[in-house]
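Biologist: Before we discuss any single feature, could you take me through this model and set each value against the definition behind it?

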Amino acid sequence: MPIFGPDGRLRSGLALAGANQWQERSAKGLSDGLLTALEVENLDLWGTELVVLSACETGLGEVQIGEGVLGLRRAFQLAGAQTVVASLWKVPDAETEQLMTNFLGRWLKGEGKADALRAAQLDMIRRLRASPNATRRTAPPLYWAGFICHGQAR
């Protein structure tokens, strides 16, 4: 199975467990371990309130004239997800974990998705500025600004 093709939806995807052994798995009739944006578009996710793509650069894709950005975020929304939270760059793991834990905790307690993400980001800024390792009390956007919320804010 070719991994890359002329379609941007084949260039955006997630490598799941076993993806590094895709040839052997495919020969046995098993899933190749790769979930492309094209495959995601064919899922039935109607009624799914939230998809969180916290891996690096999951909000990116390929720009196609007349189509916009083809990538995972758009694929999940086309499949029916109401809201997708995705990243625009590589956010360090520890900060991603802190931010996502805070965000999801707030959302599960009833805050709107966009409000919960913003509040989690503001908490991260406060934590970074209060850190004893903070240089001039800064909070570099690298750690908190990489995640964006698309779709229904509530």
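**Values and definitions**

Modeller: Of the contacts in the protein with a separation of 6 or more, 66% are between residues 24 or more positions apart, where contact means heavy atoms within 4.5 Å. This is a predicted model, in which local features need pLDDT of at least 70, side-chain atom pairs count only at pLDDT 80 or more, and totals for chains, interfaces and linings use all residues. Residues are numbered from 1 along each chain as its sequence is written, and side-chain values use heavy atoms, with hydrogens and water left out.

Biologist: Why is Leu16 called partly exposed?

Modeller: Buried means under 20% relative accessible area and exposed over 50%, with partly exposed in between (1.4 Å probe, protein chains only); Leu16 has 47% relative accessibility, and therefore counts as partly exposed.

Biologist: What does Leu16 touch, not counting residues up to four places away in sequence?

Modeller: Leu16, which lies in the loop between β1 (13-15) and α2 (22-27), touches Gly33 and Leu35 on that count. From C-alpha to C-alpha, Leu16 and Gly33 are 4.9 Å apart in space, although 17 residues apart in sequence. The helices (H or I, at least four residues) and strands (E, at least two) are DSSP runs, numbered from the N terminus.
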